[in-house]
Amino acid sequence: MSSPNPEFEQMSIAQKASAEVLMSIMRSSFEGMQRLTALNLAAARELYSNTVSAGGKLASSKDMSEVARVNQQLAKPERMIEYWRSVYDLVTAMQKEVSSVMQANYSQLTKSAASAIEHKKSSAVDGSDMMANVMKNMLEQTNKAFDNMTAVANQMSSIANANIQAATAATEKAIGSVTEIGSKK
């Protein structure tokens, strides 16, 4: 038995697909937030442990050189670099997951829209071809805009990655200089 209203059925299918995509995006975001929370808990646990340990060493130190040594051990900028790199990696992975879901959905939506336009064009009355052509042109322009947006997002991700690598290299170089100065004393 065929449906009395095929447009309603298509709309229902599209709504179901959109709900599935939304759930997929929400699942990816939730999993990313879980990973970020775990990372933050691990960092907080390490900071607490290091602070308690350093506090005990500072309380039992006998001279200023020992206090300076404990302070130098407590200040670990390389751990902060590692933490922020992990945060960046998590956010980048989440962005890629969400983007891939969005791209797959957009591709399916575009195919459905193109099919609906062609269906309307073939079953329409004379003179309505112009409206179908306008809709088809709009769809093509939307595809170009989406492709451009995706390219810009990828380019910005590459720029951010390059900046993090440059900052990491500069910080590691500065840490090396400070370590050399500290070891010469």
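## Surface and burial

Of the 185 residues, 15% count as buried. Here buried means under 20% relative accessible area, exposed means over 50%, and partly exposed is in between (1.4 Å probe, protein chains only).

There is also a nonpolar surface patch of about 300 Å², made by Leu22, Met23 and Met26. Patches are made of residues with over 30% relative accessible area and no salt bridge; like charges are joined within 9 Å, and nonpolar side chains (Val, Leu, Ile, Met, Phe, Trp, Tyr) within 5 Å. Leucine 22 is found in helix H1 and is partly exposed, with a relative accessible area of 47%.

## What kind of model this is

This is a predicted model, where local features need pLDDT of at least 70 and side-chain atom pairs count only at pLDDT 80 or more, while totals for chains, interfaces and linings use all residues. Residues are numbered from 1 along each chain as its sequence is written, and side-chain values use heavy atoms, with hydrogens and water left out.

The pLDDT is the predictor's confidence in each residue, from 0 to 100. The protein averages 75, and 78% of the residues score at least 70. Confidence is highest in helix H1 (residues 6-60), at a mean of 82, and lowest in helix H4 (residues 129-184), at 70.

## The helices

The secondary structure comes to 4 helices and 0 strands, so the pattern along the sequence reads α-α-α-α. Helices (H or I, at least four residues) and strands (E, at least two) are DSSP runs, numbered from the N terminus.

A contact here means heavy atoms within 4.5 Å. Looking at contacts with a separation of 6 or more, 74% are accounted for by residues 24 or more positions apart.

## Salt bridges

The structure holds 3 salt bridges, each being a side-chain nitrogen of Lys or Arg within 4 Å of a carboxyl oxygen of Asp or Glu. One of them joins the side chains of glutamate 97 and arginine 35 (3.7 Å, N to O). Glutamate 97 lies in helix H3 (residues 77-123) and arginine 35 in helix H1, so this pair ties together parts that are 62 residues apart in sequence. Both ends are partly exposed: glutamate 97 at 26% relative accessibility, arginine 35 at 32%.

Arginine 79 meets glutamate 46 in a salt bridge too (2.3 Å, N to O). Since arginine 79 lies in helix H3 and glutamate 46 in helix H1, this pair ties together parts that are 33 residues apart in sequence. Arginine 79 also meets glutamate 82 (2.9 Å, N to O); these two are 3 residues apart in helix H3, which means they are separated by about one helical turn. Through shared partners, Glu46, Arg79 and Glu82 are joined into one network. Its members are partly exposed, with relative accessibility of 27% for glutamate 46, 31% for arginine 79 and 43% for glutamate 82.

## An aromatic pair

Rings of Phe, Tyr and Trp (its six-membered ring) pair if their centres lie within 6.5 Å; planes under 30 degrees apart count as stacked, over 60 as edge-to-face and the rest as tilted. By this rule there is 1 aromatic pair. The rings of tyrosine 83 and tryptophan 84 have their centres 5.0 Å apart and their planes at 75°, so the pair is edge-to-face. Tyrosine 83 counts as buried, at 18% relative accessibility.

Definitions and conventions
Areas by Shrake-Rupley, 256 points an atom, 1.4 Å probe, with all protein chains shown as cover.
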